[in-house]
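Student: Could you show me how to read the features of a protein model, one step at a time?
Tutor: Gladly! Let's bring it up and go through it together.

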Amino acid sequence: MTMEDIYNDLKRRISPKRFTHIMGVTKTAEILAKRYGADPDKAYLAGLLHDCAKELPLRQMQAMVDEANVLVDRAVYENGALLHGLAGAVMARDYYGIDDEEVLEAIRVHTTGKVGMSALDKVVFLADYIEPSRKFPGVDALRKLAFIDLDEAVLAGYDSTIAHLLEQKLSIYFKTILGRNDCLAQMKRSR
Ligand SMILES: [Fe+2]
Ligand SMILES: [Fe+2]
């Protein structure tokens, strides 16, 4: 599929609100990539496809990862808010024909984070929080921080997710905690 085909397919399939979010993520990820030395074209493409599976029913996401023989932790398999990253990467590869492993990985980990995120993973993860249509307390401060220090901003992204999960009495996926700690450790090492 060409980039235009992918765009048109998503526009047809995805709700207008989420499509606006997606286009915000593409542009924000592209700008952040330029700022932090990641590939802007890959950031754009990963942004475009990061939520391609998000509006599918959970059963369909599960069928997709099953069919592709993806190993999934139970906590992710049963939660669409987490699983749409893995399912999205499968869909990006098998339906949209994307074979760039760096792009697929950025899509895969955008819902959870992970230990050892690449610059591309980080800019997509962060763009998902701060794209222009996002509204939550503290988003403006996070937008500013994103252009000052990538790792500080990624850490703040993890923290806001974890705080939200605590507030809502929801469980926290262990890889998100490990990813957050790894981000902190990287920051300490680089100082
Ligand atoms: Fe997402
Ligand atoms: Fe998103």
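**Reading the model together**

Tutor: Let's begin with one residue: His 110 has a relative accessibility of 5%, so it counts as buried. Keep in mind that this model is predicted.

Student: Where is the cut-off for calling a residue buried?

Tutor: Buried means under 20% relative accessible area. His 84 is buried too, with a relative accessible area of 3%.

Student: Which residues coordinate the iron ion (ligand 1)?

Tutor: To read a metal site, list the donor atoms around the ion. For the iron ion (ligand 1) they are Asp 51 (OD), His 84 (NE2) and His 110 (NE2), at 2.1 Å. Along the chain, these donors follow the spacing D-x32-H-x25-H. His 84 lies in helix H6 (residues 80-94) and His 110 in the loop between helix H7 (101-109) and H8, so this pair ties together parts 26 residues apart in sequence.

Student: What are the protein donors of the iron ion (ligand 2)?

Tutor: His 21 (NE2), His 50 (NE2), Asp 51 (OD) and Asp 128 (OD) are its protein donors, 2.2 Å from the ion. Their sequence spacing reads H-x28-H-D-x76-D.

Student: Are His 21 and Asp 128 buried or exposed?

Tutor: Use the cut-off again. His 21 has a relative accessible area of 7%, so it is buried, and Asp 128, at 11%, counts as buried.

Student: What is the geometry of the site of the iron ion (ligand 2)?

Tutor: For geometry, look at the angles among the donor atoms. The four donor atoms here make angles of 83 to 177 degrees, and the site is irregular. A tetrahedral site would need all angles between 85 and 135 degrees.

Student: How far apart are the iron ion (ligand 1) and the iron ion (ligand 2), and which residue bridges them?

Tutor: They lie 3.4 Å apart, bridged by Asp 51.

Student: What is the volume of the largest pocket, and which residues are closest to its centre?

Tutor: The largest pocket holds about 1,100 Å³ of space. It is lined by 36 residues, and Lys 54, Tyr 129, Arg 134, Thr 161 and His 164 are the closest to its centre. H10 gives the largest share of the lining, six residues. By type, the lining divides into 14 nonpolar, 14 polar and eight charged residues.

Student: And what is the volume of the second largest pocket?

Tutor: About 270 Å³. Its lining has 17 residues, with Leu 86, Val 109, Thr 112, Tyr 173 and Lys 175 nearest its centre.

Technical notes. Residues are numbered from 1 along each chain as its sequence is written. Chains are lettered from A and ligands numbered from 1 in the order in which they are written. This is a predicted model: local features need pLDDT of at least 70, side-chain atom pairs count only at pLDDT 80 or more; totals for chains, interfaces and linings use all residues. Side-chain values use heavy atoms; hydrogens and water are left out. Donors are N, O and S atoms within 2.8 Å of the metal (3.2 Å for Na, K and Ca); water is not among the atoms, so sites may look incomplete. Four donors count as tetrahedral if all angles lie between 85 and 135 degrees; four count as square planar and six as octahedral if opposite donors are over 155 degrees apart and all others between 65 and 115; anything else is irregular. Buried means under 20% relative accessible area, exposed over 50%, partly exposed in between (1.4 Å probe, protein chains only). Helices (H or I, at least four residues) and strands (E, at least two) are DSSP runs, numbered from the N terminus. On a 1 Å grid over the protein atoms alone, a cavity is a set of points where a 1.4 Å probe fits but cannot get out, and a pocket is an open set with protein on both sides within 12 Å along at least five of seven lines; lining residues have an atom within 4 Å of a point. Grid points are joined across faces, edges and corners, and a volume is the space filled by probe spheres set on the points. Ala, Val, Leu, Ile, Met, Phe, Trp, Tyr, Cys and Pro count as nonpolar, Asp, Glu, Lys and Arg as charged, and the others, Gly among them, as polar.
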